[in-house]
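Here are my notes for you, as numbered points. Have a look at the model first, then read on.

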Amino acid sequence: MKFALNPIHSDFAGFARLIDFHAQAQDRVFEEIEIDMSQATWLDANMCAPFGAILYKVSRSLNTVKLVNLAPSVKSILSKNGFLTNYGVAKTSDTYGTTIEYKRFEPKDDRYFAAYIERHLVGKGMPKMSVGLQKKFRESIFEILSNAVLHAETKMGIFACGQFFPRNKRLDFSIADLGIGMRENIKRKAGLDLQPEEAITWATEGSNTTKTGRIPGGLGLKLLREFIRLNQGRIQIVSDAGYWEFAGGAVTTKRLNQPFPGTTVNLEINTADRHSYCLPSELTSANIF
């Protein structure tokens, strides 16, 4: 099988292109799958997370995946973040420290994922946060992994990658899994049969959660959404055939032609933001003004 990939940006069209490839490759077994990258003159580095998840799933069906004719600029960034080490290209040094390494984690690798977040989301232009908010912010990202393991029931791991763009004043970070997706999880746990994009909206609003017991759930995405609102950044979620985007204080939803085989969460943080952030509980008469 041969497939030509066009540029992949962190947007609806970028996800649609990856999902189109998955739709064509998902039933292949014992084949050599060659992806021609000559037309992919740009690939947002954070999109290595969903791209890598799809390629991993396809390769699990005993297929051999090859990436050929990579544009020099694309090959350079994907060599620096380690994505191409899976396809026979050695990792190169990241002189300016702008990459967030591409990594696949086993569902049980929670300690390693926590260390990864600690290591890579420091010194890349993140807005100033109080100690308490820093902890909550990392916990919110960690909860995405936990949701993938506990609720999405992923068996093939969690994929993460990102990139800091100092000139464009933005930090992009993505997490993808190969689980059952938000729609199916909500249907099983909450008994709600929602459309794919409605399921994502449900999971990001109010006190909605599929967690049971005394431990509160669903706070991770909600905290990230509130931070992104104040930061004037962007958050995207793709799950099943649903596309959900929050930017400029507004939500946009769309329907993809084919389902993504899991869930992806993209964060775009505005690093030009010079505000300082803290939790409401940390406010005192000394710092409220």
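Is glutamate 197 buried or exposed? Keep that one in mind while going through the points; bear in mind too that this is a predicted model.

1. Glutamate 197 is buried, as its relative accessible area is 15% and the cut-off for buried is under 20%. Its partner is arginine 255, and the two form a salt bridge with the closest N and O atoms 2.8 Å apart. The pair ties together distant parts of the chain: arginine 255 sits in strand 9, glutamate 197 in helix 7 (residues 196-203), and they are 58 residues apart. Arginine 255 is partly exposed, with 40% relative accessible area.

2. Glutamate 153 counts as partly exposed at 30% relative accessibility, and arginine 188 is partly exposed at 46%.

3. Next, lysine 91 and glutamate 101. They form a salt bridge whose closest N and O atoms are 3.7 Å apart. Lysine 91 lies in the loop between helix 3 (72-80) and strand 4 (99-105), while glutamate 101 is in strand 4, ten residues apart. Lysine 91 is partly exposed, at 45% relative accessibility, whereas glutamate 101 counts as buried at 18%.

4. On the total: the count comes to 17 salt bridges.

5. Now helix 1. This helix has 14 residues and spans 20 Å from its first C-alpha to its last, close to the 20 Å expected at 1.5 Å a residue. Its buried residues are Gly14, Phe15, Leu18, Ile19, Phe21, His22 and Ala25. They cover an arc of only 150 degrees around the axis, so they lie on the same side of helix 1. As a reminder, an α-helix has 3.6 residues a turn, so residues three or four places apart point the same way. The cover over the buried residues of helix 1 includes strand 1 (2-4), strand 2, helix 2 (48-59), strand 8 (234-247) and strand 9 (250-270).

6. What about the surface? Val29, Phe30 and Leu62 make up a nonpolar patch there, with about 340 Å² of accessible area together. Valine 29 is in the loop between helix 1 (12-25) and strand 2 (32-36), and counts as partly exposed at 45% relative accessibility.

7. Last, glutamate 282, in the segment after strand 10 (276-277). Glutamate 282 is 152 residues from serine 130 in sequence, but their C-alpha atoms are 8.3 Å apart in space. With a relative accessible area of 25%, glutamate 282 is partly exposed.

How values were computed. Residues numbered from 1 in each chain as written. Predicted model: local features only at pLDDT ≥ 70, side-chain atom pairs only at ≥ 80, totals over all residues. Heavy atoms only, no water. Patch = residues over 30% accessible without salt bridge, like charges linked within 9 Å, V, L, I, M, F, W, Y side chains within 5 Å. Areas by Shrake-Rupley, 256 points an atom, 1.4 Å probe, with all protein chains shown as cover. Salt bridge = Lys/Arg side-chain N within 4 Å of Asp/Glu carboxyl O. Helix = DSSP H or I, 4+ residues; strand = E, 2+ residues; numbered from the N terminus. Buried < 20%, exposed > 50% of the residue type's maximum accessible area, 1.4 Å probe, protein only. Expected span 1.5 Å × (residues − 1). Arc of directions from axis to C-beta. Contact = heavy atoms within 4.5 Å.
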